[in-house]
Amino acid sequence: GPRMCSPFPCLTSSPGNIPPRRTPTPATTWFPLGDMVISLERAKARGRGVRHGTRREVAYLAVHSVLHLLGYDHMDEGPMKKQMRQREEKFWERWAL
């Protein structure tokens, strides 16, 4: 079926290693990691299904996508997935969303 989110990295990175800086945007020292697409229709349905609402589901999908852009993955059921889930949990603990 359709995906809830799709990240499109513009840099190659591995978990825990920030990619080398590229030319920052003119107004800041920030640089793009890539793009993400989040299906609001699917987020709304899932947010209802797990009873935490659309806003929290979209926030979760945004964090999840940023982790993918930073090189994290969960294609296996082993250490990579565990590492990604730990980073997600750390974010949620810090931001209490």
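These notebook entries follow the salt bridges that I looked up in this predicted model.

**Entry: the count**

I began by asking how many salt bridges the structure holds. I found two salt bridges, and I took them in turn, writing down for each pair where the residues lie and how exposed they are.

**Entry: Arg46 and Glu57**

I looked up the salt bridge in which the side chains of Arg46 and Glu57 meet, with a distance of 3.1 Å from N to O. Because Arg46 lies in helix 1, residues 40-49, while Glu57 belongs to helix 2, I noted that the pair ties together parts that are eleven residues apart in sequence. For helix 2 I wrote down residues 53-69. I also found the side chains of Glu57 and Arg46 listed as a polar contact of 3.1 Å.

**Entry: Glu88 and Arg85**

I then turned to the salt bridge between the side chains of Glu88 and Arg85, where the N to O distance is 3.1 Å. Both residues lie in helix 3, which covers residues 79-95, and they are three residues apart, about one turn of the helix.

I checked accessibility here as well, and I recorded Glu88 as buried because its relative accessibility is 4%. Arg85 has a relative accessibility of 26%, so I recorded Arg85 as partly exposed.

Definitions and conventions
Residues numbered from 1 in each chain as written. Predicted model: local features only at pLDDT ≥ 70, side-chain atom pairs only at ≥ 80, totals over all residues. Heavy atoms only, no water. Helix = DSSP H or I, 4+ residues; strand = E, 2+ residues; numbered from the N terminus. Polar contact = N/O pair within 3.5 Å; in protein donor to acceptor, adjacent residues only side chain to side chain. Salt bridge = Lys/Arg side-chain N within 4 Å of Asp/Glu carboxyl O. Buried < 20%, exposed > 50% of the residue type's maximum accessible area, 1.4 Å probe, protein only.
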